Amino acid sequence: MKINNRRYTGSKYKLIEWIKDLITANCADFRSFFDVFGGTGIITATMLNDVQKAVINDFLYSNEICYKAFFGNKEYSPQNLKIFVDNVSALDKKKLPDNYVSANYGDKYFNHDDAKLIGVIRERIQVIYEGGQLNEREFNILLASLLYSFDRCANTVGHYDAYIKKVCLSNFEFELIEPITGNSVVEIYREDANKLARRISADVAFVDPPYNSRQYSRFYHVMETIAKWDKPPLSGKAMKPPLENMSEYCRVNAPIVFNDLIKNLNVRYIVVTYNNTYDSKSSSSRNKITLNQIKEILNYRGNTKIFEKSYSRFNAGKTETTDHKEYLFITEVEDL
């Protein structure tokens, strides 16, 4: 599986060529790239061949695991990975005992037997890593592979805010991801973006923050819980853990924190993506930052060009959005 083989709200995969072409055409002689809100990592993956150094950041633990798996520079043994896959593929999931995953997510987010196998694989990855049979890169690759594999069969519309109330068919298959090779140096962080911005220098910063009240830590709580494997108590119909990693970008003071971020980016170019769902009928989808606010904030840093493209956005519900557009802002910073 490749890095784009994952369902993710706000993914820019279908816009990637448009974004890359605009960055290449409007940002002169850049050699370093800072992906401030990395998400799936598809933007960093696309820009790797054009830079000598990339920095990618996201506050979700599951995303950090995936970055280390795809972009890590530590050695790993394909043979070790193959042995693991062969061993778990030989298991009869119908005969496996129940575990944390099947008890909480079985016949909800996954078929019950699939959930048993997912739980067994996750536990086995942890045990053999702690036992010294896997190095850190192999651990990350196997765990990222599990996340990508169960995402393909999850009984959802593309996120885990809720599951589809229907019979869950058994269709889970454990497959390995394909790590990305290249000559670029990749630095990986899991930090508050506004704090990290004060420490990172780069030629280009790519900024694609959340804009509405939908918290990514809640959208992808199943991935977070299985990745961390801390087995927290879960509650509610959606089986969510206690609150954590709640983003200020999804609250009313989003313009303030966005302004703080932009003001403290130490880069030559700032690239911001934005979509025009501000007037959405859905309150949870309605943007916390307006188009004009973004323009004003960016213009304080330098000359800003604005590009737009008609685009059918990801929509998990029934809310209709007409004349939907994706905007790309490119600011040439004047106050370095």
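The sulfur of Cys-168 has its closest cysteine sulfur in Cys-153, 9.1 Å away, which is too far for a bond. In this predicted model, the structure holds zero disulfides. For a reader new to the term, a disulfide is a covalent bond between the sulfur atoms of two cysteines. Cys-168 counts as buried, at 10% relative accessibility. Cys-27 is buried too, with a relative accessible area of 3%.

Charged side chains give us something else to look at. Side chains of opposite charge can pair when their charged atoms come close. Here the count comes to 21 salt bridges, and the table shows some of them.

| Salt bridge | N to O distance |
|---|---|
| Lys-74 and Glu-136 | 2.8 Å |
| Asp-86 and Lys-82 | 2.8 Å |
| Arg-152 and Glu-175 | 3.4 Å |

Let's begin with Lys-74 and Glu-136, whose side chains meet in a salt bridge. Lys-74 sits in the loop between helix 3 and helix 4, while Glu-136 belongs to helix 7, so this pair ties together parts that are 62 residues apart in sequence. Lys-74 is partly exposed at 47% relative accessibility, and Glu-136 is partly exposed at 30%.

Asp-86 and Lys-82 both lie in helix 4, four residues apart, or about one turn of the helix. Asp-86 is partly exposed, with a relative accessible area of 39%, and Lys-82 is partly exposed at 45%.

The side chains of Arg-152 and Glu-175 also meet in a salt bridge. This pair links distant parts of the chain, with Arg-152 in helix 7 and Glu-175 in the loop between helix 7 and strand 3, 23 residues apart. Arg-152 counts as exposed at 51% relative accessibility, whereas Glu-175 is partly exposed at 31%.

Terms used: Residues are numbered from 1 along each chain as its sequence is written. This is a predicted model: local features need pLDDT of at least 70, side-chain atom pairs count only at pLDDT 80 or more; totals for chains, interfaces and linings use all residues. Side-chain values use heavy atoms; hydrogens and water are left out. A disulfide is a pair of cysteine sulfur atoms within 2.5 Å. Buried means under 20% relative accessible area, exposed over 50%, partly exposed in between (1.4 Å probe, protein chains only). A salt bridge is a side-chain nitrogen of Lys or Arg within 4 Å of a carboxyl oxygen of Asp or Glu. Helices (H or I, at least four residues) and strands (E, at least two) are DSSP runs, numbered from the N terminus.
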